[in-house]
Amino acid sequence: LAMAIVVDVESADVLAIDSREAYPFGGFAPTTHSFTPGSTGKVLVMAAALEQGAIRPGDIIDVGHGEYRIPGTGRIIHEAERPGRSGRITAAECLAFSLNAGLVQIGLKVSPDALRDYMRKLHYAESAKTGFPGERPGMLPPLPWKKADVWGSVCFGHGYLTTMWQHAAGLAAVIRGGVWKPLRLLDRV
């Protein structure tokens, strides 16, 4: 499956959108296919931490050398690829280099309730009401979240599901300074 969307961030106008799939599954993939956003979800975690005052871009985080053990648990967070940075780096570098160890430490500074609420304000786990057939709402796990399970996973973009349409709207809102607007199709499918 391949999907692409082009959004005017300020207006929330969808300028282009398309998808291709090897095996059709019904509906329009950008609004029906739910997926784990992975590293692109780290933007939401960093934005929530900044908004909560839990972190500043220049704060120093020790990301170790490719793994991080969540304190008080047996869970070790690994990097998906060889880390571009190691040791003590800034919070901004944690996001820039997409380090799981850094974003987990940053995300665990935000309460699960606040992190989930932030994502709900960006309309995750909510139908986008596009009018396309088979639209899905995605999924945010119910609270409580435990550090070694959902909470830690959400911090690096796992443990929840979104559609491309929802995720594009959420990321555009972050870029826009936190103002969420529903995406709108300008012309035709």
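Student: Where is the place of Pro 144?
Tutor: This is a predicted model, in which local features need pLDDT of at least 70 and side-chain atom pairs count only at pLDDT 80 or more, whereas totals for chains, interfaces and linings use all residues. Residues are numbered from 1 along each chain as its sequence is written, and side-chain values use heavy atoms, with hydrogens and water left out. Helices here are DSSP runs of H or I with at least four residues, strands are runs of E with at least two, and both are numbered from the N terminus. On that numbering, Pro 144 sits in the loop between H5 and H6.

Student: What is omega for the peptide bond from Leu 143 to Pro 144?
Tutor: The bond that joins Leu 143 to Pro 144 is cis. Its omega is near 5°.

Student: Is Lys 129, which has a positive phi, buried or exposed?
Tutor: Lys 129 is found in the loop between H5 and H6, and its phi is near 55° although the residue is not glycine. Buried means under 20% relative accessible area, exposed means over 50%, and partly exposed lies in between, with a 1.4 Å probe and protein chains only. Because its relative accessible area is 67%, Lys 129 is exposed.

Student: How does Ser 98 count by relative accessibility?
Tutor: Ser 98, in the loop between H3 and H4, also has a positive phi, near 50°, in a residue other than glycine. Since its relative accessibility is 27%, Ser 98 counts as partly exposed.

Student: Which helices do the buried residues of H2 pack against?
Tutor: In H2 (residues 42-52), the buried residues are Lys 42, Leu 44, Val 45, Met 46, Ala 47, Ala 48 and Ala 49. Contact means heavy atoms within 4.5 Å. The buried residues of H2 pack against H3 (91-96), H4 (100-107), H5 (112-121), H6 (147-154) and H7 (164-175).
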